[in-house]
Amino acid sequence: MDEHTIDADSLNLFKNIITSEFESHIYTKEMFFNPQQQKLCCILDSPDEKSIRDHHVKFGIKCDSITQIQQVTLGDQGDTDKLQVIGELAARLAHDLRNPLSVIKNVVEIMESKPKLKIEEKIICYGRLHRAINRISHQIDEVLDFVRPSKAYRDK
């Protein structure tokens with residue numbers, strides 16, 4: 001994190017310098033400006049303090065201080081990863097269930113629109129319904145098998 005004394009008028013000029021950083025190995029993650037104290041604090045991603053100082057010299061920026069900081073995450077990163085996996089699983093399940101549900105919907109609409117289907121047509125429709133229902137059941141079973149704790153884990 002670095003800190004600069006800067007007036008509000010110079011802030012836009014400073015922002016333009018920041019947007020040109022794509023050529024540099026310094027990346028500005030966030031900026032905070034306190035207009036009362038005329039202080040600008042920048043959260044930077046940089047290999048080291050020397051790189052930040054060289055970067056400032058290159059642009060003619062006066063830096064009041066540079067402090068090494070480390071990001072602290074709240075909660076467990078594992079929870080975030082788990083939620084991401086659950087979200088992906090839910091999206092995949094929704095996609096996989098939508099196809100057989102569409103088949104069921106279409107077959108029911110066909111059967112409703114043609115109340116006097118021949119026996120052969122009914123057999124075909126019922127077969128499609130059974131296959132779609134079995135696909136849904138199979139998808140649900142796979143998800144349950146995936147999320148169930150293993151027997152070895154439960155015995156602990």
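**Close-up views of the predicted model**

**View 1. The lining of the largest pocket.** Eight nonpolar, five polar and five charged residues make up the lining of the largest pocket (Ala, Val, Leu, Ile, Met, Phe, Trp, Tyr, Cys and Pro count as nonpolar, Asp, Glu, Lys and Arg as charged, and the others, including Gly, as polar). The model is predicted, so local features need pLDDT of at least 70 and side-chain atom pairs pLDDT 80 or more, while totals for chains, interfaces and linings use all residues. Residues are numbered from 1 along each chain as its sequence is written, and side-chain values use heavy atoms, without hydrogens and water. The volume of the largest pocket is about 420 Å³. (On a 1 Å grid over the protein atoms alone, a pocket is an open set of points where a 1.4 Å probe fits, with protein on both sides within 12 Å along at least five of seven lines; lining residues have an atom within 4 Å of a point. Points are joined across faces, edges and corners, and the volume is the space filled by probe spheres set on them.) Met 1, Leu 44, Asp 45, Ser 46 and Ile 69 are the closest to the pocket centre among its 18 lining residues. Strand 2 (27-34), strand 3 (39-45) and helix 2 (49-59) each give two or more residues to this lining (helices, H or I of at least four residues, and strands, E of at least two, are DSSP runs numbered from the N terminus).

**View 2. Strand 1 and its partners.** Strands 1 and 3 run antiparallel and are joined by four bridges (pairing requires at least two DSSP bridges). His 4 has Leu 40 of strand 3 as its bridge partner. Strand 1 also pairs with strand 4 (residues 65-66), antiparallel over two bridges, and there Glu 3 stands opposite Ser 65.

**View 3. Helix 4.** The 29 residues of helix 4 (residues 119-147) should span 42 Å at 1.5 Å a residue, and its end C-alpha atoms are 42 Å apart, which agrees (the expected span is 1.5 Å times one less than the number of residues). Buried residues of helix 4 include Cys 125, Leu 129, Ala 132, Ile 136 and Val 143.

**View 4. Cysteines without a disulfide.** The count of disulfides is zero (a disulfide is a pair of cysteine sulfur atoms within 2.5 Å). For Cys 41, the nearest cysteine sulfur is that of Cys 42, 7.4 Å away. Cys 41 counts as buried because its relative accessibility is 17%. The sulfur of Cys 63 has its closest cysteine sulfur in Cys 42, at 8.4 Å, too far for a bond. Cys 63 is buried, with a relative accessible area of 18%.

How values were computed. Buried < 20%, exposed > 50% of the residue type's maximum accessible area, 1.4 Å probe, protein only.
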